[in-house]
Amino acid sequence: MTNQFNRRKFLQYTGMAGSAFFLPGKSTAAPAPLFTSDEIGLSKWELETPSLCLELEVMEYNLKKVHQNLQDTGIGVRPHIKTHKSPFLAKMQMEAGAVGVCAAKLSESEIMLENGISKVLMTGVNVTTEKIRKAMDLRKKHAGFIQAVDNPVNARDLQDAANAAGIIAEVVVDLDVIRRSGVPTGIPAVELAQLVDRAPNLRFRGILAYDGGAQHVKGHEARKARTVQTFEPVVETYESLVKSGLNVEIFSGAGTGTYDMMADIPGFTDVQVGSYLFMDAQYMAIGSKGNAALYDDFDPSLTVMTTIINTNHPNRLITDSGAKAFTINKPSGIVIGEPDFTYNAGSDEYGTITYTTANKSYLVGDRLEVIVPHCDPAINLYDRIYGIRRGKVEMIIPIMARGMSR
């Protein structure tokens with residue numbers, strides 16, 4: 001499959017397609033109880049709405065494309081599962097060549113580890129006594145679990161808990177890139193890494209440096225300039241760590257918007273891409289290296305099927321899919337095949353489409369396919385993803401870490 005996805009084709013696009021099975025590990029013997037087998041084989045246009053659909057062929061293309069685009073750079077892929085929250089999809093990412101996966105929360109990490117994903121790096125920190133204890137229990141059961149730290153008090157707490165559990169906990173130091181989390185770069189970061197390295201029950205593995213603010217900067221050159229500037233103190237910190245004798249095995253960061261900008265960063269090991277698998281309206285608007293109008297490194301594979309329920313007003317359609325189906329992120333969802341449609345998901349249960357021109361006349365009961373505004377929170381609204389190939393449901397993927405925000 002070649003990437004021939006331009007703006008015109010995107011707006012006229014009406015179909016895509018995959019492969020599926022259920023999850024590895026303990027929960028994989030059968031679909032979750034809510035999943036009915038009589039939906040397998042249905043046309044996506046026959047599904048009850050709103051339904052979250054994944055064009056498997058396009059997703060598989062994206063899965064391969066990120067590795068192809070990074071080939072010969074020496075940079076690995078460590079996908080962030082906060083995007084899809086599915087051990088099944090994480091397993092596909094691992095089989096495609098990922099060095100491991102990232103998780104934002106302890107509960108997400110547990111779902112992955114308990115369902116066959118052996119290498120999980122938790123990018124958030126655990127600061128309460130109970131969460132630290134749970135993290136050490138998870139590490140005791142799963143050797144591939146790594147957690148982050150961003151302050152000395154927390155490092156000492158992790159040491160005490162690891163000692164009490166009788167384990168060696170693997171730890172990465174999170175660097176402050178956008179004043180959200182992380183230890184300040186420079187001396188504070190080096191001192192924290194040295195503290196971790198000296199702790200008898202902790203093993204220092206490396207650093208995280210994620211610039212979330214750069215991911216949606218419009219224009220490839222502007223995005224790259226922001227990334228290079230942001231990483232100047234990060235690189236200086238990395239070099240200081242190496243000079244001090246620390247073994248920085250992991251230097252992880254970047255995302256879907258900046259994954260192709262890290263090859264010149266000294267010591268950088270892997271990108272924490274997430275949205276590349278699905279894409280969404282937010283990412284499509286930022287532009288790519290070769291296309292200022294459309295980010296086309298990856299193709300949109302995640303959509304919501306919705307039904308028109310009211311046509312009583314001219315140039316206005318009401319659907320059954322509002323904020324509880326899409327979130328209220330901007331830019332709004334994109335109706336496939338209707339470039340003049342503006343989709344407003346501001347109401348909880350209803351979507352409102354306004355337009356000047358339409359490619360056909362619409363009736364109550366007609367279905368539309370809409371690309372989601374922001375894939376991560378949209379996934380968290382559903383308990384399943386319908387995997388579609390050649391227009392039909394091939395599989396139903398449980399979103400096992402839905403709601404796992406602890």
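Author: Two strands are said to pair if DSSP finds at least two bridges between them, and with that in mind we can read the features of this structure, which is a predicted model.

Reader: How should I read the pairing of strands, and which strand does β10 join over four bridges?

Author: In general, the strands of a sheet pair through backbone hydrogen bonds, and they do this either in parallel or in antiparallel fashion. Here, strand β1, residues 51–55, runs antiparallel to strand β10, residues 302–313, and four bridges join the two; one place to look is S51, whose bridge partner in β10 is M305. Strand β10 also pairs in the antiparallel sense with strand β15, residues 367–371, over five bridges, where T307 has R367 as its partner in β15.

Reader: Where do other residues have a positive phi, and is A254, for instance, buried or exposed?

Author: A254 is one case, having a positive phi of about 65° although it is not a glycine, and it is found in the loop between β8 (250–253) and β9 (270–271). A residue counts as buried when its relative accessible area is under 20%, and because the value for A254 is 2%, this residue is buried. R390 is another case of a positive phi in a residue other than glycine, with a value near 50°, and its place is the loop between β16 (384–389) and β17 (392–398). The cut-off for exposed is over 50%, so R390, at 66% relative accessibility, counts as exposed.

Reader: How many strands are in the open sheet with parallel pairing, and what is their order?

Author: The open sheet has eight strands, which pair in parallel and follow the order β2-β9-β8-β7-β6-β5-β4-β3. At its edges are β2 (76–77) and β3 (101–103), each of which pairs on one side only. Within the sheet, β8 and β9 run parallel and are joined by two bridges, and S252 has D270 of β9 as its bridge partner. Helix α7, residues 187–198, packs on this sheet and touches β5 (145–149), β6 (169–174) and β7 (202–209), while its direction makes about 155° with that of β7.

Reader: How is the packing of two helices described, and at what angle do α5 and α6 pack?

Author: Two packed helices are described by the angle between their axes and by the distance between those axes. Helix α5 (residues 129–141) and helix α6 (residues 152–165) pack at an angle of about 50°, with their axes 9 Å apart, and α5 and α6 are therefore oblique to each other. The crossing in which α5 passes α6 is right-handed. From α5, the residues I132, M136 and K140 meet N154, D157, L158, A161, A162 and A165 of α6, and this contact divides by class into six nonpolar, one polar and two charged residues.

Reader: How do α2 and α3 cross, and which residues make the contact?

Author: The axes of helix α2 (residues 56–70) and helix α3 (residues 87–95) come within 10 Å and cross at roughly 45°, which makes α2 oblique to α3. Helix α2 passes α3 in a right-handed crossing. M59, E60 and L63 of α2 make the contact with L89, M92 and Q93 of α3, and these residues comprise four nonpolar, one polar and one charged.

Reader: Finally, where does E55 lie, and is E55 buried or exposed?

Author: E55 lies in strand β1, and because its relative accessible area is 0%, E55 is buried. Although E55 and M261 are 206 residues apart along the chain, the distance to follow in the model is that between their C-alpha atoms, which are separated by 28 Å.

Note on methods: Residues numbered from 1 in each chain as written. Predicted model: local features only at pLDDT ≥ 70, side-chain atom pairs only at ≥ 80, totals over all residues. Heavy atoms only, no water. Axes fitted to C-alpha atoms, helices over the stretch in contact; angles between N-to-C directions. Parallel < 35°, antiparallel > 145°, perpendicular 65-115°, else oblique. Left-handed = near helix turned anticlockwise from the far one by under 90°. Contact = heavy atoms within 4.5 Å. Nonpolar A, V, L, I, M, F, W, Y, C, P; charged D, E, K, R; others polar. Buried < 20%, exposed > 50% of the residue type's maximum accessible area, 1.4 Å probe, protein only.
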